[in-house]
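Hi,

Here is the structure I promised to pass on. Have a look at it first, and then read on for what turned up.

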Amino acid sequence: MQKLCVALRLPLIALILGCSSCTHYANDAWTGKDKAEHFVGSAVLAAAGTAYGDRQGWNEARSRSFGLMFSVGLGAAKELYDSREGGSGWSWKDFSWDIAGAAVGYSAYHLTHY
């Protein structure tokens, strides 16, 4: 049963994001100051989330999952906030930088602690 729940997480997240009520999308470039901020912010959040899991005594896999999902979840929430009417719009490019930063943040934490 637990394996089924884990297998359904990604499709459920994709469905929620795909059906979100974005009023508009951003027309932005792949580079820029805000992309660096997304990358670095997500890296810090992923490392902090992973460190939190370690301090709670969780095993490595659970800490890693928490750190990555904490960072990516906050990135998705930020993009949902931007997609509201009057916001800058949902940016898949910003979200891509969020995911890349989360992966680097966890990797950097892992390399320094294991």
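In which helix does F70 lie? F70 is part of helix α3. Please keep in mind that this is a predicted model.

First, the overall picture. The chain has four helices and zero strands, so its pattern along the sequence reads α-α-α-α. It holds 114 residues, and 29% of them count as buried. Among contacts with a separation of 6 or more, 71% are between residues 24 or more positions apart. The accessible surface comes to about 7,400 Å², and carbon and sulfur atoms account for 67% of that.

Back to F70: its relative accessibility is 33%, so it counts as partly exposed. Together with Y52, F66 and L74, F70 makes a nonpolar surface patch of about 350 Å². Helix α3, residues 60–82, gives the most to this patch, with three residues.

Helix α4 covers residues 92–113. The buried residues of α4 are D94, F95, D98, G101, A102, G105, Y106 and Y109. Seen down the helix axis, they fall within an arc of 130°, so they line one face of α4.

Two of those residues, D94 and D98, are also in contact with H38. H38 lies in helix α2, residues 33–55, and is buried, with a relative accessible area of 12%. Beyond its neighbours within four places in sequence, H38 also touches K78, E79 and W97.

Now for the charged pairs. A search of the whole structure finds four salt bridges, including these:

- K33 and E37 meet at 2.7 Å, N to O. Both lie in helix α2, four residues apart, about one turn of the helix. K33 is exposed at 67% relative accessibility, whereas E37 is partly exposed at 46%.
- D82 and K78 meet at 2.5 Å, N to O. They lie in helix α3, again four residues apart, about one turn. D82 counts as buried at 7%, while K78 is partly exposed at 36%.
- D34 and K35 meet at 3.2 Å, N to O. D34 is partly exposed, with a relative accessible area of 32%, and K35 is buried, at 3%.

Salt bridges that share partners also join D34, K35 and D94 into one network.

Best wishes

Key: Residues numbered from 1 in each chain as written. Predicted model: local features only at pLDDT ≥ 70, side-chain atom pairs only at ≥ 80, totals over all residues. Heavy atoms only, no water. Helix = DSSP H or I, 4+ residues; strand = E, 2+ residues; numbered from the N terminus. Buried < 20%, exposed > 50% of the residue type's maximum accessible area, 1.4 Å probe, protein only. Contact = heavy atoms within 4.5 Å. Areas by Shrake-Rupley, 256 points an atom, 1.4 Å probe, with all protein chains shown as cover. Expected span 1.5 Å × (residues − 1). Arc of directions from axis to C-beta. Patch = residues over 30% accessible without salt bridge, like charges linked within 9 Å, V, L, I, M, F, W, Y side chains within 5 Å. Salt bridge = Lys/Arg side-chain N within 4 Å of Asp/Glu carboxyl O.
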